[in-house]
Amino acid sequence: MLEQMQHGGIVVVDFGSQYTQLVVRRLRELDIAASLCDPQDCAAALTTLQPRGIVLSGGPESVTDPGAPTIPACVWHSGLPVLAICYGMQAMAQHFGGVVVRAREREFGGAELVVHSRCTLLDGIEDRLDEAGRPVLDIWMSHSDHVLSAPQGFVAVASTATCSVAVFAQEEKRYYGIQFHPEVSHTPCGLRILERFARVICACKPTWTTQRIAEQLIVQIQEQAGHGRVLLALSGGVDSSVAAALIHRAIGERLVCLFVDTGLLRCGDVTFVEQTLARHLGMPVRTVHAAEAFFGALAGLSDPETKRKALGACFIAVFEAHARELEPIDFLAQGTIYPDVIESARAKGKAHVIKSHHNVGGLPEVMALPLLEPLRELFKDEVRAIGLELGLPRDLIMRHPFPGPGLAVRVLGEVQPHAVATLREADAIFLEELTMAGFMEKTSQAFAVYLPVNSVAVMGDARHYGPVIALRAVVTNDFMTATSAALPHEFLERCARRIVNEVKDISRVVYDITSKPPATIEWE
């Protein structure tokens, strides 16, 4: 997808880091075309895309293990600049004769990088100076191995308290290795480092723009769909709505939007979808009420992966059944985006599975309809920008994300109708309070979670033993990393008071302050 726009950009060789696609996203923020490839596909990608530079990603393996992934020879034969991150740096060091060892102290989280020697990649980039006048950068580490000594011909540029060679460089060949992750927001100067590599060292041009992406996607939809009819799985969220707008722009009335009321939606979502989307997209929305089928599919299930896969199978069964009623239908369209793909480990690459998404990892191996997923290689902020470019209303485009499995993954353990109804009430109160306090647009995603535990409370001078609600609100730019929203204590106390008083049986309310990583944004 979008191959024509990726020429002359950066190829990112994926060794399996959960952040690999984020490298691509950061480069695109700079309007630099970037594409992802497996190590075994690297030679073909270099030939096809004619990039100006290569990034070697991090990964979960150790270069000291037998059979660990190695850097393709085509990288060194290309003559292109290379930026090696984390595992990529270790693999580069090993390839050129450096020493890589298991670290005595692993680094996961923030660290201070002290720059000792000048190099093009970091020159003039700093967060502050130390007492000796040396540049210092706040960085994010995630590694168990490290480079003990740089290869011959490479200069050790920077270090941390536990990593003596955290950056090295071979300026003549334009090879750079960095142990930290510049792609995550926890490395404040990370974007400047990637910009230095792409624009200065590789001389890439800014060709990746929202207007061009939208135009290219419309063309590709027309080519893939041909003269066929498309059935879109419309959830009412940002992704499926933008997918609908793109496909409708490409093929017009040959698109049929099908909205499934699973019984697992937020308060007011059915009305919002039927009215708002139909009005702004200018097309009818067909609603299927299928709560009984979805609760039946979830009966007796408590494992998160099992629930997601059961929901995926149920979604597909519903869509295929209604596709037969609407025949001829030639494609099933979904609003799948990049984070869905990476967390399901179904993208090209070696990433470990974090969780399956109902519209990716939960799909049956054999389907009666081929998939049309125009947003599959785009991130949430790119999708929002395209939606605005297509004229969709801002209140729709800026809606908080809602998982495809709905409240089923916010009721921990087995999903019972009464638990979903309780959660829906608590969630509505939390979102209402966020909106009234002006915090809704200051947070990226916010919701309530129903915990499968009971706690003791005192209500009306009597002992009460009831369920617990957890509140979650995060701030993020890309949904690959996130921090908890620093909501005022008084605000959280007001939310807790309302939920306990207004929602039957709830005994206690807690607030989740865990960042991503290590936690995911959703609890399941």
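Is R28 buried or exposed in this structure? With a relative accessibility of 3%, R28 counts as buried, where buried means under 20% relative accessible area, exposed means over 50%, and partly exposed lies in between, using a 1.4 Å probe and protein chains only.

Before I go on, please keep in mind that this is a predicted model, in which local features need pLDDT of at least 70 and side-chain atom pairs count only at pLDDT 80 or more, while totals for chains, interfaces and linings use all residues. Residues are numbered from 1 along each chain as its sequence is written, and side-chain values use heavy atoms, with hydrogens and water left out.

Let me stay with R28, which lies in helix α1, residues 20-29; helices here are DSSP runs of H or I with at least four residues, strands are runs of E with at least two, and both are numbered from the N terminus. Leaving aside neighbours within four places in sequence, R28 is in contact (heavy atoms within 4.5 Å) with Q6, A34, W208, Y338, E377, L378, F379 and E382. A polar atom of the R28 side chain lies 3.5 Å from the backbone oxygen of A34. The C-alpha atoms of R28 and E195 are separated by 10 Å, although these residues are 167 apart along the chain.

Now to the sheet. Five strands form an open sheet in the order β13-β12-β11-β14-β15, with parallel pairing; two strands pair if DSSP finds at least two bridges between them. Because β13 (285-289) and β15 (371-372) stand at the edges with a single partner strand each, one side of each is left without a neighbour in the sheet. Within the sheet, β11 (residues 230-234) and β12 (residues 255-261) run parallel and are joined by five bridges, and L234 stands opposite F259 in β12.

Helix α10 lies across β11, β12, β13 and β14 (331-333), running at about 135° to β12; axes are lines fitted to C-alpha atoms, for helices over the stretch in contact, and angles run from 0 to 180 degrees between N-to-C directions. Helix α10 (residues 304-325) also packs with helix α9 (residues 291-298) at an angle of about 145°, with their axes 9 Å apart. In that packing, A293, F294, A297 and L298 of α9 meet K307, A310, L311, C314, F315 and V318 of α10.

Finally, there is a hairpin of β6 and β7 with five residues between the strands, where G133 takes a positive phi near 80°. Strands β6 (residues 128-129) and β7 (residues 135-149) run antiparallel and are joined by two bridges, with R128 opposite V136 in β7.

Note on methods: Polar contact = N/O pair within 3.5 Å; in protein donor to acceptor, adjacent residues only side chain to side chain.
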